[in-house]
Amino acid sequence: MKKELILNGNEKQIFATDDPDKVIVRYKDVTVAFNNVKRARFEGKGALDNQISALLLGYLGGQGVPNHFLERIGENEQLCRKIEIIPIEFIVRNRVAGSLAARLGIEEGFQPDNLIVELRYNDDELDDPFINPDLAVALGLVNYEEVGNMIAEAKKANSLLKGLFHQVGIELVDVKIEFGRATDNGQIILSDEISPDTARLWDERTGERLDKDRFRLDLSDVVASYRNVYERLTTVLGTN
Ligand code: 5GP
């Protein structure tokens, strides 16, 4: 049963339930970018993020990447294991795009031979600064073994998602992965959403962007693009 609001984020709300180790995550239609500087509301986007994230997290769980998702329980809501957030973003990049292209002056779309993993400290006030494993340990967020395992798990999730999206004609350009400690057993598990809000998805044939860059870059058809991603995924994963 849904109980009190624990956290009211920009794009999501977290509610307590009867079970102290489970929460309800509710996806809003609000979207923000550039550290909350840009904000808009798109009717139906929250439901699509919820459906896509449920499909992707369910898929990863079935492929041996334990995560917080338990089941989708409504249009905008999913039941998840309760976690204590570890405030590190692991950004896995298959191709150069977005902030990396701008920061190093590399043309967007460049494909290096190796995989790139960036760590950022998740703190809006500091604008999510870059950190590395030494700093993650120094900040008391994790120990060395944990951060090593998290990097390996982020790479595994990226590899599985890349293969899945390829089956539906979409290239996974990059993806942001976060983790938390499950409150019931302390296990570090992949948490938060995985959706077009947190991954760059390019149509393999046309190169069209099917992700949050449509909002960031003022392109049209944000919701239609998210629906396109959802419908393609259902051809492989079914609905849930
Ligand atoms: P970039 O650093 O190029 O802006 O983002 C790299 C990838 O991580 C993109 O897929 C982007 O959507 C995701 N990402 C990075 N930081 C954030 C963030 O604070 N919020 C969200 N929703 N996604 C992020």
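Two strands are taken to pair if DSSP finds at least two bridges between them. The structure described here is a predicted model. In this model, strand 11 and strand 12 form a hairpin, with five residues between the two strands. Gly186 lies in the turn and has a positive phi of about 80°. The pairing of strand 11 with strand 12 (residues 188–191) is antiparallel and runs over four bridges. Within this pair, Phe179 stands opposite Leu190 of strand 12.

Strand 11 spans residues 170–182, and twelve of its 13 residues are buried, leaving the strand mostly covered. Strands of a sheet pair through backbone hydrogen bonds, in either a parallel or an antiparallel sense. Besides its pairing with strand 12, which is antiparallel, strand 11 pairs with strand 8 (residues 83–93) in the antiparallel sense over eight bridges. Here Glu84 is found opposite Arg181 of strand 11. Strand 11 also pairs with strand 13 (residues 199–203), again in the antiparallel sense, over five bridges. In that pairing, Asp174 stands opposite Arg200 of strand 13.

An open sheet of five strands is also present, with the order 1-2-3-7-6 and antiparallel pairing. Its edge strands are strand 1 (2–8) and strand 6 (69–72), each of which pairs on one side only. From one strand to the next, the twist averages 30°. Strand 1 pairs with strand 2 (residues 12–17) in the antiparallel sense over four bridges, and Leu5 stands opposite Phe15 of strand 2.

Helix 1 (residues 45–62) packs on this sheet, where the helix touches strand 3 (22–27), strand 6 and strand 7 (77–81). The direction of helix 1 makes about 130° with that of strand 6.

Tyr59 is a residue of helix 1. Tyr59 counts as buried because its relative accessibility is 18%, and the cut-off for buried is under 20%. When residues up to four places away in sequence are not counted, Tyr59 touches Leu160, Leu164 and Leu237. Tyr59 and Leu237 are 178 residues apart in sequence, while their C-alpha atoms are 7.8 Å apart in space.

How values were computed:
Residues are numbered from 1 along each chain as its sequence is written. This is a predicted model: local features need pLDDT of at least 70, side-chain atom pairs count only at pLDDT 80 or more; totals for chains, interfaces and linings use all residues. Side-chain values use heavy atoms; hydrogens and water are left out. Buried means under 20% relative accessible area, exposed over 50%, partly exposed in between (1.4 Å probe, protein chains only). Axes are lines fitted to C-alpha atoms, for helices over the stretch in contact, and angles run from 0 to 180 degrees between N-to-C directions. Contact means heavy atoms within 4.5 Å.
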